[in-house]
Every structure is written in structure tokens, then in C-alpha cells.
Amino acid sequence: MAASVREKQAAALKRMLNFNTSPLKNTAAEPVWKVLIYDRFGQDIISPLLAVKELRDMGITLHLLLHSDRDPIPDVPAIYFVMPTEENIDRICQDLRNQLYESYYLNFISAISRSKLEDIASAALSANAVTQVTKVFDQYLNFITLEDDMFILCNQNKELISYHAINKPDIMDTEMEAIMDTIVDSLFCFFVTLGAVPIIRCPRGNAAEMVAVKLDKKLRENLRDARNSLFTGDNMGAGQFSFQRPLFVLADRNLDLATPLHHTWTYQALIHDVLDFHLNRVSMDESVGSEASPSGARPKKKNKKSYDLTAADKFWQKHKGSPFPEVAESVQEELDTYRAQEDEVKRLKSIMGLEGEDEGAISSISMSDNTAKLTSAVSSLPELLEKKRLIDLHTNVATAVLDHIKSRKLDVYFEYEEKLMSKSTLEKSLLDIISDPDAGTPEDKMRLFLIFYITALQPPSESDLDQYKKALLETGCDLSSLNYIKQWKAFTKIAATPSNYGNSGVKPMGLFSRVMNSGSQFVMEGVKHLVLKQHNLPVTRILDNLMEMKSNPETDDYRYFDPKMLRGSESSTPRNKNPFQEAIVFVVGGGNYIEYQNLVDYTKAKPGKRVLYGCSELFNAGQFIKQLSSLGQK
């Protein structure tokens, strides 16, 4: 299998940190000590890929933000990794004038313009530092990889390319152009890093189409200029994609507004929905001991604790897509095996310590046998401690998620929404859930109602709608998001037919009480044990049609771009007839872990195929509802 984009981006960063030469394997030489100067964009790109320890191993002694107060370190080379913005360039020029470092390796996350390069050159001249500016590189790394098969465009300034920015009613053409250029610049970087020129497919008449046209043009221009092309043999490095080119499907968020609002049931998506989780780091309040503070005393301050959920964490890699009940059981199993191992070490210690005094003459056989056991136990200690750290991490995170599930009845919401989306029979009326004061927050109720409204074949009658609105307002909901969804529904005129969400459905497996043993960490009383059936969400279904070359009215009129065909109009382009092995789906207007997980599950059933998921920003339902509300404010 070719290297994943995550590995390629990490390799590019390591090359950059090694002064843009490939790091030599197995050299025992000390690395050259250096400082790394980045801006917030650079920080967001590096942090999900390289841990501080890895930076240290590469010789980075200090990593500092460009716009912080930095002291001069005159005998050390500095590697810069920043966006080529006006203010960053000014600050670099200031550093040159102040002679902060011995030499400067300037790496721009995205390509720098000619005029800005000239600014740096003139600053270097006036500061008499021309010889110190050792290298200037365009890195084309302007995107953030979160998983082997998932990337987002940016985390800083993401409101500039958000769903809200693209869909606001009074947007001017110039603003739209700027948003599209930002998105295309990042996607171009993505394909340069991937080392492949894709075949692009997109729907007609929306933001996704604008992105496709611009990206096609940018790739063409680069391929036409053979001398400077970023897609020729040398730059590509080995580990190229297979001979077949990847399919790049651009989807528009407007094709499915229900999924981003949906309550979810898998581990990673739940963490993103109910906790503060971004760039693979989850931050939460640590519950300080529950004993009551004496009356009149200040309540204890909650400590913020953050955990990194990384590729190296085997439990996370195995269970991030599992339904929550399975995760809780697995954490418990891990804990039990860990305790057994710990007891074994304790037992050996006591035997070793005590046997000597009691027996006097210990048979030398059992002694050597126990010594061997103890040696192996001691050597496995670091591994045990790491295991303990991960178990604690997942126990804390899963407990925090479980608290939300129980206090907000999220299992009820999830099951009900799945039924709405798959048009199965509902046992309980929607009004009951909205009016139930114990079920969920106002936001939970609003999400449920919007999903009902989006997926309904015909909208509820005015009198019904007023009844719903009244109930929602009574529970404290903000109805601005509904105003927007009403306009959107009238405008798109596509009734989300049941087929759109597949016959998903969930099988309730009874309540949890019987599933978990009584000694468990997780008190699952009363939470439903739901098991998911595999079904394809709209984005996955579109990908499936295009990747497998299926004919389907939904995708038959998607546009087809092949940037390698230098001439010829779209209609005359010879098309690829074979199913694709590799595909990238990108959602303009934002995405979520529910869709990502759905694609991962889809790919699991297709051996030998590879699918990547990307989106202009990653939001959870709460963040998405805020965007919808501000679009719907009258």
C-alpha cells in the first residue's frame, strides 16, 4: 500500500526540520541543534503529527511562536514555518534587522508571492544579513492531517471559509472568490503532498463546482509549466500512488444538513459531539473529589486536563469507530487484564522478598525460576505503565461521555433520529420528547426537530408547526436555525427521500444492566444498548456511485475534470471507465466524524480500496447549529 497522506506530510515536515534534506537513517551523529519558529497555522499542522519528543530527537531545542517576544540566540540556526502573510513577513524582516539567529531557513506553508519575496530580500540587504538567509522554500503543506485517512483545511480563521461564510445571503462575488481561492490553495497543497493528479467530479451549481473549476485550472497551469511542475518525477519521491490516479469527489454541505446535526453513537464522534475535542486533543474539566466543601468555603476550582488521542494509542485506533457500549466494555476488560498483570508482579515481589527468611534453604530451582519471572516482570514495567496511562485516559474520557449520555438521554435521541432518517415507525411522539424536561438540553431538542423537519417528505402543517414551535420555545430553544432551514428547504426543493439516508435503523439490545458486570467502572443503568446496522450516508453513497462507476440519476450529471488533458472541452474528454481504487471525498462547507466513520466502515467492506475524507472545517452539531442560527436571524 502506498504511504498515507499523514505519513507523507510527516515526512515532509521531518525533511524541513532537517534543513530540507532527507534525514539519514541510522546515523549515530548528534542532530544539529536549532530553533523552530512557527505561526499558529504552522503549530496546528505540526501538533497532530509530531510530538514534542520527536521534535527534540530532530534537534529542535526550542519551538516558539513567531509573534511572541523572542530573545536573540546568535549562534543557532532557526527554521521558520509560517504562512506568507503580510504581518509574518514584516516580523521576519524585523528578526533579520535584530540579528536574532545565526542563519535563517524560511519555509512557507503555502507558496509565497514574488513581491513578498522581494520584501524579504530588501530587508536582508538593509540588515546586511543576506548570507544568513540560507534557504527559502515553499512547502505546500497548507492542510492539517488528523488521521491516516482524514484531513481538514485549517483551524485558524476557519470562520473565513465556514458554512456560514459561503451561504450568507448578502455575500459579494469578491468575498466568494476569496473563499474559493483559500480552499483551492489548500487542496492544491494536499495534492502536491500526496503526489497525485486526481480526476475531479462535482455536482453542478454550487460552491463545490466553483472549487472544482478553480482547482482544475490551478493543477493544469502547474502541469503545463513542465520545468517548474510540482508533479514531475523528481519531486514525487517514491511511494507514489499506484499507476491509477485517485478520484476526487467534491461534495457540498448543502446536500445533507441532517447528518451534521445527528446525535451519534460511536466513540470518536461522541467525544467530538459532547466534549471539547479538536486537532486530536480532548480537553475536559477534571472532577475533583466529590466530598462537599465546608460551608462558606470557596468551591474547589476544576482543573482542566487535556489528553492526546494519537495513532500510537492502540486502544483508540481499534475502538474510535465502535459503538459506545462496546468501548465501555473494552475499557473494563483492559482494566481487568492490567490488574491481573499488576497482581502478578506484586506476588513475585513478595515471594522474592519473603521466601528467603522462612525456608532457609530454598530449592535453587524455584529461586532461579522466580528470578527469571521477576526479571521479565521488571522489564515489562515501562510497557505496563504506558498501558495504565492509556487505560486511565480512556476511563476518564469514556466516563465523561457517559455522564452526558445519561444526563441528556442521548441514547433516546440517537435512536429516535435514526428512525426518522430511515422512515421507520416511531413509538413515541416527537412532541413528547421535546416537552420532556429531563430529556436533553434545548440544543438537543432543536437538533432533533431540525432533523425531523429536514427529512420530512412534506413539511408539517402550519398548525402543527406552531405547536412544535411553542413547545421548543418553552424549553428555551432559539428558533433562528429553523428559519434558515425553512429557506434552505424551499430553495433546494429536494425532499430528502428515505433512500437518501439508507435503511439505517438500530437494533436495541435491551438495557445495559445485564451486559455489564456489577464490578464495572461504568454504571450503565438505564442506558440503551444499541447496535448499529451498516448503512451509507448521502456522501458515502455519492462516492460509491462515482468510485464504482454506477449509473444513478443522483450523480449522472456530475461534472468531470481531468487536469492532465491539456486541451479539449469537458464533453470531449475521454473518461476513465474502470472503477477507482483510491478516492478522496471533500465536503465544501464543513464535515464531521459521523460521515468520516461512515466512509471508514464503507471502505472496510471493500478490500484493496482506499478512501480519504476531507472537509473545509470540522464542526460538531453545537457549532453547526450556531452557524445555522446566525444565518437564520431576521
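The model is predicted, so local features need pLDDT of at least 70 and side-chain atom pairs count only at pLDDT 80 or more, while totals for chains, interfaces and linings use all residues. Residues are numbered from 1 along each chain as its sequence is written, and side-chain values use heavy atoms, with hydrogens and water left out.

**The chain**

The chain has 22 helices and 17 strands. Both are DSSP runs numbered from the N terminus: helices are H or I with at least four residues, strands are E with at least two. Of its 634 residues, 51% count as buried; buried means under 20% relative accessible area, exposed over 50%, and partly exposed in between (1.4 Å probe, protein chains only). Contact means heavy atoms within 4.5 Å. Among contacts between residues at least 6 apart in sequence, 79% join residues at least 24 apart. The accessible surface comes to about 30100 Å², and 53% of this belongs to carbon and sulfur atoms. Accessible areas come from the Shrake-Rupley method with a 1.4 Å probe; for residues, only the protein chains shown count as cover.

**Pocket and cavities**

Both kinds of space are found on a 1 Å grid over the protein atoms alone: a cavity is a set of points where a 1.4 Å probe fits but cannot get out, a pocket is an open set with protein on both sides within 12 Å along at least five of seven lines, and lining residues have an atom within 4 Å of a point. Grid points are joined across faces, edges and corners, and a volume is the space filled by probe spheres set on the points. In the classes below, Ala, Val, Leu, Ile, Met, Phe, Trp, Tyr, Cys and Pro are nonpolar, Asp, Glu, Lys and Arg are charged, and the others, Gly among them, are polar.

| Space | Volume | Lining by class |
|---|---|---|
| Largest pocket | about 1200 Å³ | 19 nonpolar, 11 polar, 16 charged residues |
| Largest cavity | about 80 Å³ | 6 nonpolar, 5 polar, 2 charged residues |
| Second largest cavity | about 40 Å³ | 5 nonpolar, 3 polar, 1 charged residues |

The largest pocket is lined by 46 residues, and A51, D308, L309, T310 and A311 are the closest to its centre. Helix α14 gives the largest share of this lining, 8 residues. Other elements that supply at least two residues each include α1 (5-17), β12 (303-308) and α11.

There are 2 cavities of 30 Å³ or more. Around the largest cavity, α10 supplies the largest share of the lining, 3 residues. H272 and N592 are among the residues nearest its centre. For the second largest cavity, α2 gives the most, with 3 residues; its lining includes F41, D44 and I45.

**Helix α20**

Helix α20 (residues 538-547) is largely enclosed by the rest of the structure because 10 of its 10 residues are buried. Its cover includes β8 (199-202), β9 (247-252), β16 (582-588), α21 and β17 (610-615). Just after α20, M549 takes a positive phi of about 60°.

**H319**

H319 belongs to helix α11 (residues 314-319). Its relative accessibility is 9%, so H319 counts as buried. Leaving aside neighbours within four places in sequence, H319 is in contact with Y267, V327 and S330. The side chains of H319 and S330 are also joined by a polar contact of 3.4 Å. A polar contact is a pair of N or O atoms within 3.5 Å; within protein, one must be able to donate a hydrogen and the other to accept it, and residues adjacent in sequence count only if both atoms are side-chain atoms.
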